[in-house]
Amino acid sequence: MMFNVGVVLVAAAVVLFILQPLVRGIHASLERDDDELTETEARKRVALLALRDVEYDFLAGKLDEDDYRSLKSELTAEALAALEADEASKAGGAGDEALEAEIARLREALNSGTPCSSCSYSNADGSRFCSACGHALAEAVAG
Amino acid sequence: MTILGEFALWISLPVAVWGMVLGYAGGRTLRGDLVLSAERSIYAVFGLLLIASLGVGAAFLGDRFEYWYVANYSNANLELFYKVTGLWAGQRGSLLFWAVLLAFFAVITVFTNRKKNREFMPYVAGVLQTILLFFIVVLLFADVNPFERLDFTPADGRGLNPQLQNYWMTIHPPTLYLGFTAFTIPFAFAVAALLNGRLDARWIQLTRRWILTSWLFLSVGIVFGMRWAYEELGWGGYWFWDPVENASLLPWLTATAFLHSIQIQENRGMLKVWNMSLVLVTFLLTIFATFLTRSGLIESVHSFAQELKIAYIFLSFMGTVLAASVVLILYRLPQLRSENQIESFVSRESAFLFNNLLLLGAAFSVMWGTMFPLISEGFTGQEISVGPPFFEKVNFPIGLMLLTLVGVGPVIAWRRATKRNLQKNFTIPVTVGAVTGIGLFAQGIRHELALVTWSISAFVLTVIATEFWKGTRARARIEGEGYVLAFFHLISRNRRRWGGYIVHVGFVMLCIAFAGAAYNTDSRFNVQPGDVVEVESPFGHTYELTYEGLSMSIGRGERNLLWQAIATVSVRRDGVPKGVLTTEKRQYTNRDTQPMTEVGIQSIVQEDLYLILSAMNDTGGALRNDPGAQGIDLQVLIKPLVNWIWIGCLFITLGTVIALWPSIDRTRRPRERVAGATEPAAAGAD
């Protein structure tokens, strides 16, 4: 008797539990999250991370100057494209200031940048050392 | 409790069907109530399977020998510990155990994703319920129900096979099962991605932790199995290439390939179809491993013929999953195109790709070697055995190439490496490798394979050490930190990379240890009490072993022992006393087995001393305690470097845990992400 009661209780609990959403009309969300990366954001992130890796590899002495330069300009162009694509996909929304600044910075680095006094490589603004030869760019920081 | 367990197993069947149907239907119609019901059904199935498992546990603890499963895997005298672990001691229980672990992981997945990644969840719930349903069907309808009752109640059970009464054997299967079942989650997300059309790298990012967790459990589980074989089987080996071991190695190989190839997809947007295929193949191999080890197929095709039902269910399930997944991949093929091309043969991408090909090559050869004898026996009725020579011939070269790649991969550049890049990074490591090889040769090492393995290992370790050194130095310089601090920050800022390197160090240690087996020594002595034998080890130690005598204990009945013969040997290493080792023969009451051997092992970092009581001169006399019947055959093995397998396994665990360790999720903090991406430059502006 006790056993039968136990069985009935377990079965009833299970049935109630799984049928409740249908009967009471409780809906689980099926929406994508807001804080999740969009595809363009994801691509941008990958591009920026790749850029970071190249910087790291160069600073760690694994890449030499020429390789570093060619890879960096290639990746910067890609990152820029990704950033712009992301920007465009946001359909002219309020505009993220940090992002704007980032784009501007990368664009400037591509176009002009801070020339190194030693090797004349144009560095991204705010660099303390030359990305190409490692020469100190102390003045740039002060400004 | 046991009856309630049986009943719970039966109700889980309709609940799983319900959840499966509603999961798919909810994904198709995008109705939240259907999805919620499907998700709740996963909680319900877990609860029900848990009750079923507790039911089996209660049957073991209560010595309920009317149940076939308990009667065959336990008896009244069995130690409590082994009764508790009886759930996974045999086929029937382990299938239930498998299902309950999977349900547990499914619950974690549903719970942690209750508020995020919702677009995946309907199909994830559907797929998980499909697989749970499969195991429930097997348990109920394939003559493997752990709740099956005998027509009569035996007075006692047959007891547990003594070889399985070992600590490692108790933790080895659950560890492997955790690895197998955890891999179902990435598979479910992959199928969900195919179904809902979200085919970017999102499903990979979501399941990266699951992939790593699964891989960790697989790796550790395999090593636990090796440890068990080493301690318990009594011949000093740890790997036989036997079908059960191969079955666990197969998904490990493809999971390892997958772990590497997803990095190309994440970084370069390539190999999408390949990754989908790998996740599918790995999942199928985890099911295949269960099938192979738990269907009776291994013992012989003939005994297997009596268990056709389970084979049909397994094979049709695997066939259906394979067909459905292939159709889905083909259907989504246009969206799975690569975003990039491999730019150069000499690049990190191609190193990853080559790594994948090698791992799959190894998997294929292991598969072939495992299945060929079974297939051939099925057709011709003749038993053929494909022994270690086949597996070694194929897999040693593959292993060496993989080992080399472990050294090449980290320093070769993405996209395209130049000659200068290679020269800059490989000059020192290659030199170290060559010097090591020459040094070892000068030391008298002549075994070619060992020599090559150790040289390559030296090369790889140098590469990894240099990576750590350069990274630390660069960080210390940029951030102005001390080296120790810089080292820890380096690791914590990119756990994936550095954790991966630590895993690689563990893998190199395993390779070094495997090669050590080339210098195993094996000597046999017939000794009387008081005899001293001397054995030289390859590392130049001299072991002086004094056989002290044999002690018998008879018929205590505890732990099912009929008798136990313990040989005591005192050990002196290089003239210094190093304690006493015992090695035993044991006869158990409840199985018609040969006497079992318990070995004596003394470990130092370089090598193990491994003693085997291989035979007694006069077993009858010894049992009667004849003073003259103490002579034994003592086998003395020296196992150089074997400990590095276990140490390597610790490194693998440590590295994986570092890679797994939750960090503050950067994807949610876009501003910091931008700051992080330009870190070297930003750091200078401080």
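**Notes on the model**

Modeller: Start with Leu30(B), which is partly exposed: 13 other C-beta atoms lie within 10 Å. The cut-offs: a residue is buried if 20 or more other C-beta atoms lie within 10 Å of its own, exposed if 12 or fewer, and partly exposed in between, with C-beta atoms placed from the backbone. This is a predicted model, where local features need pLDDT of at least 70, side-chain atom pairs count only at pLDDT 80 or more, and totals for chains, interfaces and linings use all residues. Residues are numbered from 1 along each chain as its sequence is written, and chains are lettered from A and ligands numbered from 1 in the order in which they are written.

Biologist: Where is the place of Leu30(B)?

Modeller: In the loop between α1 (2-29) and α2 of chain B. Helices here are DSSP runs of H or I with at least four residues, strands are runs of E with at least two, and both are numbered from the N terminus. Leu30(B) has a positive phi of about 55°, although it is not a glycine. Most residues other than glycine have a negative phi.

Biologist: And Asn625(B), which is not a glycine either: what is its phi?

Modeller: Positive, about 65°. Asn625(B) is in the loop between α20 (619-623) and β9 of chain B.

Biologist: Does Asn625(B) count as buried or exposed?

Modeller: Exposed, with 12 C-beta neighbours inside 10 Å.

Biologist: New topic, helix packing. At what angle do α2 and α5 of chain B pack?

Modeller: About 145°, with the axes 9 Å apart. α2(B) covers residues 32-61 and α5(B) covers 91-112. The axes are lines fitted to C-alpha atoms, for helices over the stretch in contact, and angles run from 0 to 180 degrees between N-to-C directions.

Biologist: Which residues make the contact?

Modeller: From α2(B), they include Ile42(B), Phe46(B), Leu49(B) and Val56(B). From α5(B), they include Leu96(B), Val100(B), Phe104(B) and Val107(B). Two residues are in contact if their C-beta atoms, placed from the backbone, lie within 7 Å.

Biologist: How do the residues of that contact divide?

Modeller: Into 17 nonpolar, two polar and one charged. Ala, Val, Leu, Ile, Met, Phe, Trp, Tyr, Cys and Pro count as nonpolar, Asp, Glu, Lys and Arg as charged, and the others, Gly among them, as polar.

Biologist: On to the sheet in chain B. What is the strand order?

Modeller: β1-β9-β8-β7, an open sheet of four strands with antiparallel pairing. Two strands pair if DSSP finds at least two bridges between them. The edge strands are β1 (521-527) and β7 (600-603), each pairing on one side only.

Biologist: How many bridges join β1(B) and β9(B)?

Modeller: Seven, in the antiparallel sense. β9(B) spans residues 632-640. Arg524(B) stands opposite Gln635(B) there.

Biologist: What about β7(B) and β8(B)?

Modeller: Antiparallel too, over four bridges, with β8(B) at residues 607-616. They form a hairpin with three residues between them. Gly600(B) stands opposite Leu611(B) in β8(B).

Biologist: How is chain B divided into domains?

Modeller: Domain 1 is 1-165 and domain 2 is 524-644. Those bounds come from an automatic or database domain assignment. Their centres, taken over C-alpha atoms, are 43 Å apart.

Biologist: Last one. What elements does chain A have?

Modeller: Five helices and two strands. From the N terminus on, they run α-α-α-α-β-β-α. Of its 143 residues, 30% count as buried.
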